[in-house]
Amino acid sequence: MKKILSGILIWMLSMQAQAADLSIDQRIDQLLRPVAELFTSIIFYSVDIAGIQFPLIVLWLIAAAVIFTAYFGFINIRGFKHSCKVIKGDYSDPNDPGEVSHFQALATALSGTVGLGNIAGVAIAVSIGGPGATFWMIIAGFMGMSTKFLECSLGVKYRVITAKGEVHGGPMYYLKTGLAELGFKTQGKILASFFAVCCVVASLCGSNMLQSNQAYSQFVVAMGNTGFWTDKGWLFGTILALIIGIVIIGGIKSIAKVTSKVVPLMAGLYLTAALFILIYHYSEIPRAFGLIINGAFNPEGVAGGIIGVMIQGFKRSTFSSEAGVGAASIAHATASTKEPIREGYVALLEPFIDTIVICTITALVIVITGVYQTTDGLDGVTLTSSAFASVIWWFPYLLSVAVLMFAISTMISWAYYGSIAWGFLVGESKLLDLGYKLIFCLCTAIGASVSLDAVIAISDSMFFSMAIANIIGLYLLAPGIKQDLKAYQAKYQAKN
């Protein structure tokens, strides 16, 4: 017994001695890394397909996107024109129930999707899977438009409007109520609760931490990787958390006001810089597309070959667009409309904007400048920053501003998603809601202190876990939405 106790004491002293040599950021990273590895092993359980380890959760998302695209007759193509008309306000009625306009709902949802997944995520996909990963990101985004249409139509159809006029919606509600209508009351409650738990954890440990982490990484790069901030991720995260806290306490109306202004500004800022780089290298654009297409089917030096490239493309596309995950339907449920299908049309624009347009432009910048060939490991946003700097030295400063805006807008949207899921689990309570938001801000500070690979592991695991329950519900509830779609088209689109 004495030997055992002395051994434990020696181990504790050695750990303490090691910790004494570590910075605050390194200590936080050391604590969270085992958690990240555990989550990854569970959520990304893989099966062997042609000698390649294929994560079942990715296959689950791919299958759903393909099936829903076929089931709704390529609504992602047929419904595009009508979507644009709805966004313009052609069908808006100020007397319709809801809290925000179609555009504000889209902006809030986009602020949760158009973020670092489009900058850091694309860089990660290209650095691992090569240029060909871009092709599969585009395909996944195209197919995901149909999935997003379905889940956001359901979000409005089964939303709950309180006596105060506050709107609560999302997968928790359509899983619980929608499946109960089909005779699966108990199963619906279980799936709804499971999704809500995953959503809360994803909001705290997923997108929130990744945004904070990459915003800090780009800030340090802009500062020259030297000086006061190089090991002060916790301080940067704390300042960011204070900014986030001020916005999210105001609820969805406050969030919608911020995102409807920030999203167009940040997208415009980022795309202007990216398009400038493409114009500067305009003669290289055909070659870049050639590398993307050739790399999709004839990848060289990529682990897993075509399947390996496809996995990276679909993983990063899902993280970017959130199609199949269901979170965006929480924001779309707040739209002022009496027609659930109409908001579904609005939602299908999201994957087109954030994946097909923004992700493709980012990938072209990375491929054209060739920076992906000179990196080791996962550099995330710093890879994109290097591509920007290769054209104009001060572009990384511009990117730092854009990244910070991306991070803030994404985090405030996910704070809202998490608070709705939290309220579903614990009931409506201002005190408990405030408690959740304080924990959210704490995780923001922690995220900036953890290494990128650990953050990606936690973020991806929690994010993809929501798709398990959500897609089960989508399969069961899709026939009802198909009937609603036929009725809607007969009522409105016949007049066009």
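At 39% relative accessibility, Ile161 is partly exposed, a class lying between buried (under 20% relative accessible area) and exposed (over 50%), as computed with a 1.4 Å probe on protein chains only. The model is a predicted one, in which local features need pLDDT of at least 70 and side-chain atom pairs count only at pLDDT 80 or more, whereas totals for chains, interfaces and linings use all residues. Residues are numbered from 1 along each chain as its sequence is written, and side-chain values use heavy atoms, with hydrogens and water left out. Ile161 belongs to strand β3 (residues 160-161), strands being DSSP runs of E with at least two residues and helices runs of H or I with at least four, numbered from the N terminus. The C-alpha atom of Ile161 lies 9.8 Å from that of Ala333, although 172 residues separate the two along the chain.

Helix α21 (residues 430-447) comprises 18 residues and spans 26 Å from its first C-alpha to its last, close to the 26 Å expected at 1.5 Å a residue, where the expected span is 1.5 Å times one less than the number of residues. Its buried residues include Tyr436, Phe440, Cys441 and Cys443. For Cys443 the relative accessibility is 11%, and this residue therefore counts as buried, whereas Cys84, with a relative accessible area of 32%, is partly exposed. A search of the whole structure finds zero disulfides, a disulfide being a pair of cysteine sulfur atoms within 2.5 Å.
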